[in-house]
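Q: I am new to reading protein models. Please take me through this one in plain steps.
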Amino acid sequence: MISDTFLQELKWNSDIEQVISSYVQLKRRGRLLTGLCPFHSEKSPSFTVYPENQSFYCFGCGAGGDVITFIRRIENLEYVEAVKFLAQRAGMRMPEDEDDGASRRKARILELNRALARFYHQCLKAPSGRSGLDYLHGRALGNRTITRFGLGYAPNAWDEAYKSLRASGFSEEEMLEAAVISRGKKGGCYDQFRNRVIFPIIDLRGNVVGFGGRIMGDDRGPKYLNSSDTPVFKKSRNLFALNFAKASKREGLILCEGYMDVIAMHQAGFDNAVATLGTALTAEQARLIAQYTSQVTLAYDSDGPGQAATRRAVGLLDQVGVKVRVLSMNGAKDPDEYIKKFGAEKFSLLLSGASNATEFEISRLRKLYDVETADGKVAFLREFVKLMLQVPNAVERDVYLSRTAQQLEVDKEALLSQLAYEQRRAAKHQKRDTNELKLYSEVKAPDRRPDPQRAQNIRYALAEDKLLAILLKNPDYYGHISQRLRLEDFVTDRNREIASVIYGRLDAGQSVELSLLSSQLDIDQMGVVSQLLSSVSGLTFTQEDADSYIDTILSHKELKSQESIAAMGEAELRGYIASLASKKK
């Protein structure tokens, strides 16, 4: 266990506003700070920081807690790892005897990955790696770029990497957990990457977390092979070269499809380029991008899959408030090829003239319909008007309407009339959806996990919520509250589990500060506690207020089940009804 003394010192040296501001753009709203939540997609800020009690809470997804919980979520770390992360940030030394197995395993995998990256890089420089080096030189990459990105070569052999790692002291189990070897049908192990140019994947802290490999020659297997997810690597949460791009002086980020596109662009001076890791852009990657920039230029391939990926990326980035421009490359299928054919200067001009997401979508619609025919023109304009509904700026929308009406020789007033009709329809749907959401949120929010027990006992659950919040703000009420309300009196399991931790700490004379609860509550429970505190932020409560909530909770004991009511005699039933009526007065 990490001592409370150390955690309290860590809290004082890790101001939550300063820590979260390095990940989320916050704006002050009186005594609070708000911003776009980094844990789910949203356009309107619902993420709130409370400096007064060093907590955060998102009213959209229910994420919440203290500064340690935030680091656990944002960096995907275990509890002890998050404490270490903050301690290192604050220049504090961790107590030597405080560690856990998960942290040690992750540390060993990172050591293994770094050793393997060095091995692959050395192989690239050796005579046996000549084919890999020739390939990279053939793609016009210079030695300086190769070194900067730590590129390597996996030998065309079954177990060269395995032997190297064994000689460096890594076990077979560690290699399997790192996903750099696989076990064969007969029980033996072989290298995951063979006869491939290797691209190390480096995270924002400079750790080698995984690898990508491009196959050489006509060998069988996928053209590109990426590391599987491991304890230190999740493809959906990382971006290739973001460790370099986040420090670029260029405006925004350029999002590409592949490793070679990114490396070629960095070599040409466009060091703000990044790429997804063998998958289409994910919501997690979009949120990661939003932490570093408000503008992205999409430079995906010009083929069908590339255009489909562009549309998906536009939607995801729009959800997190990132403005998107789309690169149109004529005469080349990707940025790497364009730079080789036309040079960096022309590519720079291409970037300057990139269209915005709306223009890209209009162009795509024009290609889907034959606007030279009446039917095609009508079909296009129907979709075009729906697209205009998504353009919030009235001036921008008017420009597109005027230009399209002129190009297709239609009356602009007709387009405006159709737009007004679509707006009325959308407003009706929005009103219905809002009412449904309000009805749902009154019972369920912010608890996102299914909790039928809470829904069936909502009156008592809400009283428990308030009582726990009062206890957290007024631990000096504990003696009185614990005398009246035992743990077994709590109606809902969720609140009983949280109360058990709070009661236990107060019984032991320990503090119930949020930063100290995070060592005993999981991430979801910390979100609940943070929500409870946010619900009473700025409010004061007396012991009498606590008693009123206790009375409500204890009244649950007096409820009779349907079966027991059915079994009552007439006189007993009249007495039961009379007792309920007297309590309502």
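What percentage of the contacts in the chain with a separation of 6 or more do residues 24 or more positions apart account for? Then please look closely at how helix 21 and helix 25 cross.

A: Residues 24 or more positions apart account for 62% of the contacts with a separation of 6 or more. A contact means heavy atoms within 4.5 Å. This is a predicted model, where local features need pLDDT of at least 70, side-chain atom pairs count only at pLDDT 80 or more, and totals for chains, interfaces and linings use all residues. Residues are numbered from 1 along each chain as its sequence is written, and side-chain values use heavy atoms, leaving out hydrogens and water.

First, the setting. The chain holds 28 helices and 16 strands. These are DSSP runs numbered from the N terminus: helices are H or I with at least four residues, strands are E with at least two. Of its 585 residues, 47% are buried, meaning under 20% relative accessible area with a 1.4 Å probe, protein chains only; over 50% is exposed, and in between is partly exposed.

Now the close look. Helix 21 spans residues 458–473 and helix 25 spans residues 523–535. Their axes come within 9 Å and cross at roughly 80°. That angle makes helix 21 roughly perpendicular to helix 25. Helix 21 brings Asp-465, Lys-466, Leu-468, Ala-469, Leu-472 and Lys-473 to the contact. Helix 25 brings Val-529, Leu-532, Leu-533 and Ser-535. By class, that gives six nonpolar, one polar and three charged residues.

Some terms used here. Axes are lines fitted to C-alpha atoms, for helices over the stretch in contact, and angles run from 0 to 180 degrees between N-to-C directions. Roughly perpendicular covers 65 to 115 degrees; under 35 is roughly parallel, over 145 roughly antiparallel, and the rest oblique. Nonpolar means Ala, Val, Leu, Ile, Met, Phe, Trp, Tyr, Cys and Pro; charged means Asp, Glu, Lys and Arg; the others, Gly among them, are polar.

How confident is the predictor? The pLDDT, its confidence in each residue from 0 to 100, averages 86 over the chain, and 90% of the residues score at least 70. Helix 27 (residues 562–566) has the lowest mean, 58, while strand 6 (residues 152–154) has the highest, 98. Over residues 433–447 the pLDDT is below 50. Beyond near neighbours in sequence, that stretch has 12 contacts in the model.

Methods: pLDDT = per-residue confidence, 0-100.
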